[in-house]
Amino acid sequence: MLTNRSIAFKLILVITLCNALIFTVILGYNYYRSRLILEKELVTNARNLALSSVNRVETVLTSVTKVTEGLARSLENGRYSHRELLALLRATVENNTEIYGSCAAFEPGANGPRSRPYGPYFYKQQGKVIYDPEVTFQYLMQDWYQISRELGKTEWTEPYYGDDGSNILMATCSVPFYATANRAKQLKGVVASDVSLGWLTEMVASIKVLKSGYAFLISRNGTFVTHPDKGMIMNETIFSLAEARNDPKLRELGRKMIRGGTDFIPYTDIKGRKCRLYYAPIPSVGWTLAVVFPETELLAQVKALSLTGAVMGLAGILLLTIAVIFIARSITTPLQALAGATAAIAKGDFEVELPQIRSHDEVGALTNAFQVMKVSLKDYIRKLTETTAAKERIESELSIAHDIQMGLLPKTFPPLPDRREFDLFALMEPAKEVGGDFYDFFLVDDTHLCFVIADVSGKGVPAALFMAMSMTLIKATARERISPDEILSRVNNELSRENDSCMFVTTFCGVLDTETGELSYANGGHNLPLHIKRRGGISWLPKSGGLVVGAMEGITYRCEQLLLEPGDSLFLYTDGVTEAMNTREEIFSDERLERNLSAVQGRDLRENVERIMASIRAFCGEAPQSDDITIMMIHYKGKQRK
C-alpha cells in the first residue's frame, strides 16, 4: 500500500507516528522522573542562592575584619599620642561605611605600671561621628574584650542589641594588639569595630523562594538573628525550638548547622509545613544561613511541568505535521542554491549573492540568517584586523614604558668602581610590563652614600607614574644633605598634597658614612632590612614605627642609627619577596628568606642576590608572579688604604 504513496505522505506518516510514540514514552517517564530532576535543579539553585547571599555577607564582614586588623597592626607598629589616636579612630569610622563604631581599648598597665584603663570610642549617630571618652566606656568586662584578650586572635561576638536603647542589632569584631619587648609579645590592648546588622536583616528578608519560602540566619550558638517571625529574633534558638517541639531531628540539625556544615534536607517549619531546607555557613563569623523551600509548591511545579509538557508535545506534533506537509516538496531546491552560495562564502568570497528570499518559513529564515552571518562575518574580520593592530600598538607602548622605567633605575654594577669602601648590587623584576617598585643610590658628598628602596601601592601604569614622581622627589630632596627622616617627611608632604588617587609608597631610606660605617636610616612603613654580620649571624633591623609615605601630610619619621663593621652587609627588599606565592597558596615568608640568606652568606653580592632570586623562582614554581620583586644588597668594606 505504501509503495504507491508519495514521499511527502510517507514523510508525514512516519514523522507523525514516531513523534507520537516518542512523546507518549517521554511523558510517562517524565511523570516519574520530573520530581527527581526538579530536586536536583533545586539543590543547585538553593546552593547558588545561599552561597551568593553568604558571599555578600562575607564580603562586608571580611572588609570590617581587615580594617580592624589593620588598625591593630598600626597600633602595634606605631607610637601615637592621644590626639593622633583619636584622629586615627575617627578616620576609621568616617572612611568605612560598614563600621558603626570603633574603639582602641588598652590593657591596664600597658602604658605604665600606674596607667588606668584607657579606651576612646567613636561611633556614628544621625550621620555624625560622636566621640565617647574612655572614662564613660567600661570595657574590661565586655565579651568582645575578654574573649579576644584570652584567645589572642581576631574574634566576632554574638549579635546583641546596642546599649544606647536604639534597639539596633549589632555585632563586634575585636583584634588584640601587642607590644614587643626583648622579642617577647605583651598584650597592649584590643581594637574593636561595631557593625550594625540592620542591612543583614533586610538582605535576608529580601530572599524570595517560590511563593511562601523564606530564609533565616542563626548565630554560632544557634540564636535566630533573622527570621520572618520577628518574635523569634534574639529570643529563640534552634535548640529551644527543638525542645518546645520535642524534635530530636531538629536538635541534631542545629548541631550540624553551628558546626559549619552544609546540606539539603527535609524540614518541618514552625507552621508544620513539610519543606526542604538548604543551609550553608558564613566562615568569618561562624553563623549559618538557611533557605526554606515549601514542598507543596515544589510538587505544584511538577504537576504544572507535566501538564505543560503534554500541551507543548501535542502542539509540537500538530505543527510538525503541518510543517512537513508544506516543506517536503519545496525544501530541496532552495537548500541546494543556499548550499552553493555558502560554499563560496567558505572560500572567502563574501560578495556572492544568496538566493532571494521568497517565503518566511525555515528556509527563508535560514537564508536570512546566512545573509546576516555573511555581513557580520565580514564586519567581524574587519574589526578583528583593527583590534589586532590596536593591541599590537598598546603592547608596543607598554614595552617602551617598561624600557623607560627600567632606564630610570641604576643598572651598572659595581656602581662606583673607584670607591672601595663599599660594594652594592640591586635588581627589580616587575609583575607586569611596568611596576611600582624602585631602588636608587647616589653619593651625597665624598663620604656619604644615600640609598633607598620603595614599593608603590597598586600595579601597572599608575604605580609606575607614582614611582617616577617619588623617585625624583627623594633624589632631589636628598641632595640637600639632610637626615633620612627629614627626607621622608618632605617627600611625604609633597606626595600627600592633592593626592586624589590616594596612592602611597612604603620607603626605606638610609645614609651610610663610607669612612666610619655609621648608618642613619628612616623607615616609612617598609619591610625591615636584614643586617648580615661579618662574624656570622643575621638580624632584622629594629622597627621604627613610621607610616607609609604619601598617606597624609604632617607625618614625622624617626631617624635610627646603626654602626656597620667592615665585612657587614645589608639586605633590603620589597614585599614581593616574602609574599611570593606558590601554587599551594603558600608564601615565601620572612623565615624562609632568613634561612636562604644564611645559606649564601660569604659569597659575592651579585651571586647572593641571584641565588635568592633562584630560590624564590623554585619556590613559586608554575604560579604567576603576583607582585613586583626588588632586592638591594650593600656590603661595607671600610676605609681602604691606597
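The questions and answers below concern a predicted model. Local features need pLDDT of at least 70, side-chain atom pairs count only at pLDDT 80 or more, and totals for chains, interfaces and linings use all residues. Residues are numbered from 1 along each chain as its sequence is written, and side-chain values use heavy atoms, with hydrogens and water left out.

Me: How many salt bridges does the count come to?
Reply: A salt bridge is taken as a side-chain nitrogen of Lys or Arg within 4 Å of a carboxyl oxygen of Asp or Glu. By this rule the count comes to 22 salt bridges.

Me: Which residue forms a salt bridge with Glu94?
Reply: Glu94 is partly exposed at 46% relative accessibility, where buried means under 20% relative accessible area, exposed over 50% and partly exposed in between, with a 1.4 Å probe and protein chains only. With the closest N and O atoms 3.8 Å apart, the partner is Arg90.

Me: Is Arg584 buried or exposed?
Reply: Arg584 forms a salt bridge with Glu586, the closest N and O atoms being 3.2 Å apart. Glu586 is partly exposed at 34% relative accessibility, whereas Arg584, at 59%, counts as exposed.

Me: How many disulfides does the structure hold?
Reply: A disulfide requires a pair of cysteine sulfur atoms within 2.5 Å. Cys173 is buried with a relative accessible area of 0%, and Cys620 is buried with 14%. The number of disulfides in the structure is zero.
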